[in-house]
Amino acid sequence: MAAQPYGLVAVFDTAPDIYHAAERVRDAGYKFWDCITPCPVHGLDRAMGVRRSRVPRISLMGGILGFTTGMLLIYFTDAYDYPLIVGGKPFFSPMFAFPVSYELTILFTAFATIGGMFILNGLPMHYHPVLKSNHILRGLDDKFLVVIEARDPKFNLNATRALLENIGGKEITELEA
Amino acid sequence: MAHAAESNYPTPAILQEVKPAVLPRATLVENNRSFGWVTDKICGIIEGKTPTWWWVCFVLAAMVASFTIAGLIYLVATGVGVWGHANPVNWAWDIVNFVFWIGIGHAGTLISAILCLLRQKWRTSINRAAEAMTIFAVVCAAIFPVFHVGRVWFAWYLFPIPSANSIWQNFRSPLEWDVFAVSTYGTVSVLFWYVGLIPDLAILRDRFTAAGNRLRGFLYGIFAMGWRGSNRHWSNYEMAYLILAGIATPLVLSVHTIVSFDFAVSLIPGWHTTIFPPYFVAGAIFSGFGMVLTLMLPLRAIYGLEDLITQYHIDCMCKITLATGTIVGYAYGMEFFIAWYGANPYEGFAFINRAFGQYAWAYWIMITCNVLTPQFFWFKSIRRNTALVWVLSIFVNVGMWFERFVIIVTSLARDFVPSSWGYYSPSVVEIFTFFGTFGVFSVLFLLFIRFLPVMPMAEIKAVMPQGDPHGHPASASGHGNHGAH
């Protein structure tokens, strides 16, 4: 097992190539594999069979938490902990509490969205077999890569290599684990 | 997949007969450049040797910035009285400058968020620099209210932090709303900017490491968070970016709305009007686009970015400036109408006084710069004259500063009781402090263009024809069926 590579990487030149290659790898039944692209490619999620991102759920939780925090903060400070008469206005009203709660909704949603994106992506991860490969420089520049991981149950060094060749992949190499 | 099926449908017979005009999509990157060219061009700005003009500008900007620093040190050492405010004008240049700078920032968020939601793909080549402009403008804006509080070391009293005084902030005041609006705006702008930077920082990390500059590779690498262009990551990233755009849109509208509440919620004639929120937002976007043009046109010329910031981009920016400038002009007219129609003698007097009173000079500078200047952008020949567009954009900046001056100072100098009338002139300290903020802004912007990619490479690639997985040729028609996805 020690000599087992992390996976196989193949290079593709154009966005249509990677799009069709992704459909083929998906249909071959692989689960642990990925495309490395310099920019988000329209429709590649569906071609890969990646399901819709779950970031919005985390964002929603952040938004609800932010709004609640705003309302409770203002109720606690101005109406409960130290009520102070200012201009004969009520100690608490959702009307004047709204602008601050609104801003906190946005603030907490932003943090939840970005935090959620990092958590779901497993980032930061500064060491990764893909980053060690010589291909990554081009994969972020103008090439498109397919990486199939060795831990995939369907992975077989020769069969997988044949699949990548078959779908038009070039410079197929093993990735060091 | 779906589009492939759609394009297989036979063309309806009616279309064969009427032959509707097929309008070409504007090319966003000219000369059919490759992905590699985009990467090399934008990274080349950072990787190349520091140009001489950069050092000249940097030193000049730092010298200008020292005026703000000296002004603030003098203020803290002496007291807030070194500024020219006195009864009845207790809000003056500080708040004028604050609103001016905050307004400038708004174009950055408009470009990055609202145009993203509206799928205006031309935003990609200008959004990074515009977002940087937003952040630096918020930095400059924040200086003024923070130092206007007088004892700046107590500025943390603005936030609900428990203290030995036990007393809390007054959340019934729009000034406290503003604290939350501006600090949220600053924070979210930084987050949005940073998220956009991650894929580009990853490119820089790998390029610097490959070139043997391990230190810079390491530094970019820390902030790139180990980004590796994985499509499983892009999926979450795109969703996060869309949500950020979705929340930054109400944010940018609410921030200037709340800034206008600082005035509109008070009872001063000329301030107490319901038109303020939309009028302030339109003015903010107008001034921000003025500043974007002021910054981007020289950048485009110096770095030869004509293929990325095309004439089409300049046209779009000029047209938005024209539209928002006209909205602002409408608001000026409507304010007068309501002052007359509302039949409130104080309100009526405030507006007559603005146009013909002691500050009439400022009012007419404002009208000339904000209402007349953008009207030139109706003409294609003017939009194509880059130098002229740049000069006009400066007029927009000047005009919008005077707008805030007119609103704030004229209303305070002539309120209800003639016995409390006065005339306000700024002190030298105040003038220098404001002058210096242009230096602070320029220093930050110069550092940005030297060390960070001025354009989002990944986003530009995504709108190039090579980034389209369905193989449409460059700028061809037939992109229409993409709209729904």
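This is a predicted model: local features need pLDDT of at least 70, side-chain atom pairs count only at pLDDT 80 or more; totals for chains, interfaces and linings use all residues.
View 1. The domain assignment divides chain A into domain 1 and domain 2. Domain 1 is made of two segments, 7–52 and 127–175, while domain 2 covers 55–121. Between the C-alpha centres of these two domains of chain A the distance is 43 Å.

**View 2. The interface of chain A and chain B.** The size of an interface is often given as the accessible area lost when the parts come together. For chain B and chain A the buried area is about 6000 Å². Carbon and sulfur atoms give 67% of that area. On the chain A side 69 residues take part in the contact, and on the chain B side 68 residues do.

**View 3. The salt bridge between the chains.** One salt bridge is found across the interface of chain B and chain A. Its partners are D78(A) and R172(B). The closest N and O atoms of this pair are 3.8 Å apart, and the pair counts as a salt bridge because the cut-off for such a nitrogen and oxygen is 4 Å.

View 4. Rolling a probe the size of a water molecule over the atoms shows where empty space is left. In this model the count is one cavity of 30 Å³ or more, and the largest cavity holds about 40 Å³. Its lining consists of G108(B), T109(B), S112(B), E131(B), T134(B), S189(B), F192(B) and W193(B). Three helices of chain B, α5 (93–117), α6 (124–148) and α7 (174–210), each contribute at least two of the lining residues. By class, the lining has five polar residues, two nonpolar and one charged.

**View 5. A cis peptide bond in chain A.** L123(A) and P124(A) are joined by a cis peptide bond with omega of about -5°. P124(A) sits in the loop that runs between α4 (94–121) and α5 (129–132) of chain A.

**View 6. A cis peptide bond in chain B.** The bond from N87(B) to P88(B) is also cis, and its omega is near 0°. P88(B) lies in the loop between α4 (52–78) and α5 of chain B. The latter helix, α5 (93–117), supplies residues to the lining of the largest cavity.

**View 7. A positive phi in chain B.** M225(B), a residue other than glycine, has a positive phi near 60°. The loop between α8 (214–224) and α9 (231–264) of chain B contains M225(B).

Methods. Residues are numbered from 1 along each chain as its sequence is written. Chains are lettered from A and ligands numbered from 1 in the order in which they are written. Side-chain values use heavy atoms; hydrogens and water are left out. Domain bounds come from an automatic or database domain assignment. On a 1 Å grid over the protein atoms alone, a cavity is a set of points where a 1.4 Å probe fits but cannot get out, and a pocket is an open set with protein on both sides within 12 Å along at least five of seven lines; lining residues have an atom within 4 Å of a point. Grid points are joined across faces, edges and corners, and a volume is the space filled by probe spheres set on the points. Helices (H or I, at least four residues) and strands (E, at least two) are DSSP runs, numbered from the N terminus. Ala, Val, Leu, Ile, Met, Phe, Trp, Tyr, Cys and Pro count as nonpolar, Asp, Glu, Lys and Arg as charged, and the others, Gly among them, as polar. Contact means heavy atoms within 4.5 Å. Buried area is the accessible area (1.4 Å probe) that two parts lose on being put together, summed over both. A salt bridge is a side-chain nitrogen of Lys or Arg within 4 Å of a carboxyl oxygen of Asp or Glu.
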